[in-house]
Amino acid sequence: MSYGNVIVSAQGKQPLVSFGVISDVQYADIPDGRSFLGVPRYYRHSLLVLQRAVRYWNEKKVKFVINFGDIIDGFCPKDHSLSAVKKVVDEFNNFSGPVYHMIGNHCLYNLPRENLLPLLNISTHDAHAYYDFSPTPEVRFVVLDGYDISAIGWPEDHPNKLKAIDILRERNPNSDKNSPEGLVGPARRFVQFNGAVGKEQMEWLDHVLQDATKLNQEVVICSHLPLEPRATSFAALLWNYDEVMEVIHRYNCVKVCLAGHTHKDGYSVDSHGVHHRVLAAALECPPGTDAFGSVDIFSNSLLISGTDRMDSQEMLFRC
């Protein structure tokens, strides 16, 4: 097993904090398959990728791990959903430190929020899944709930579901709301497997970034759904990514936005100097290959050391 993508920071300094990353494990105890676009998916092997990731993180002695969502796959038999999530969480729990999860569309295909969030140790109010944490005084992580407004995961009569259905009805003329057919450019994001950040969460984000600015913290935004069109396919974007970025751009504290969902690496720097990086999926690793990494944050940069299918990268912050 090779961790050959590692690059060395020229700074030669101790990082402020180091943590592990993995995205889109999408485990299911079913034969291998393919995506809607024909990309091979290795449902059982993804658990082996996670096991190797945990060993790697423990060896590297990273402080914590962030899982970027989609812990099991939508094709997981529904009567096995609960046990499948527990099985993957048990593997994460072999890591020697805290693990921070976020929810993705495949999580919500399997379990309603009220059942899912306790399993992922996400304890927030009213079944919302956004939160923040500061592992060190200099750095704050903000985890967004990209399915706050969503047609999946909420009870049938929940206002957030009804609002999402209205958005899809207005923005997507297809009878299959998971299809972006006929939609052009960023408008392709208005599909059912995406979602939006709601008003209350937007106000919370603004407050958190105000607080981080006062404390002179560097902020990393973590989201299952990407927030920058040039870093991902248009069909994978958060519905209201532009509104979220408008809040983020009010502050200089946000340095990097990390995301999953797209299943392949993507990168861009936006007009305000914020770095956007999308992480490759564990699910699409052929047997014997990997996609996970460790991240070092310094006072003026972030360094991703990736394995196999996850690219390594150094991002220098704009002052």
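This is a predicted model: local features need pLDDT of at least 70, side-chain atom pairs count only at pLDDT 80 or more; totals for chains, interfaces and linings use all residues.
R169 has a relative accessible area of 56%, so R169 is exposed. Its partner is D166, and the two side chains form a salt bridge, 2.9 Å from N to O. D166 comes out at 43%, so D166 is partly exposed. Both residues sit in helix 5, residues 159-171, three residues apart, about one turn of the helix.

R52 and D290 make a salt bridge, with the closest N and O atoms 2.8 Å apart. R52 is in helix 1, and D290 is in the loop between strand 11 and strand 12, 238 residues away. Here both partners are buried.

One more pair. D206 and R250 meet at 3.2 Å, N to O. D206 belongs to helix 6, while R250 lies in the loop between helix 7 and strand 9. D206 is buried, at 16% relative accessibility. R250 is partly exposed, at 46%. The whole structure has 13 salt bridges.

Back to helix 1, residues 45-60. Buried residues in helix 1 include L47, L50, R52, Y56 and W57. Among the elements covering them are strand 1, strand 4 and helix 2.

Strand 12 holds S294. S294 is buried, at 2% relative accessible area. Its side chain makes a 3.3 Å polar contact with that of Y56. S294 also touches F19, G20 and K60, among others.

Last, the core. The largest nonpolar core has 93 residues, and W57 and F141 are among those touching the most other members. Helix 1 gives this core its largest share, seven residues. A second, separate core of seven residues includes I149 and W239. As for F141, its contacts beyond four places in sequence include V17, F64, Y131 and I297.

For the record, UniProt's unreviewed entry puts a "Calcineurin-like phosphoesterase" domain at residues 19-264. That span is 32% helix and 15% strand, with end C-alpha atoms 20 Å apart.

Key. Residues are numbered from 1 along each chain as its sequence is written. Side-chain values use heavy atoms; hydrogens and water are left out. Buried means under 20% relative accessible area, exposed over 50%, partly exposed in between (1.4 Å probe, protein chains only). Helices (H or I, at least four residues) and strands (E, at least two) are DSSP runs, numbered from the N terminus. Contact means heavy atoms within 4.5 Å. A nonpolar core is a set of buried Ala, Val, Leu, Ile, Met, Phe, Trp, Tyr and Cys residues joined through side-chain atoms within 4.5 Å. UniProt positions are given in the numbering used here, feature names are shortened, and annotations may be inferred rather than shown by experiment. A polar contact is a pair of N or O atoms within 3.5 Å; within protein, one must be able to donate a hydrogen and the other to accept it, and residues adjacent in sequence count only if both atoms are side-chain atoms. A salt bridge is a side-chain nitrogen of Lys or Arg within 4 Å of a carboxyl oxygen of Asp or Glu.
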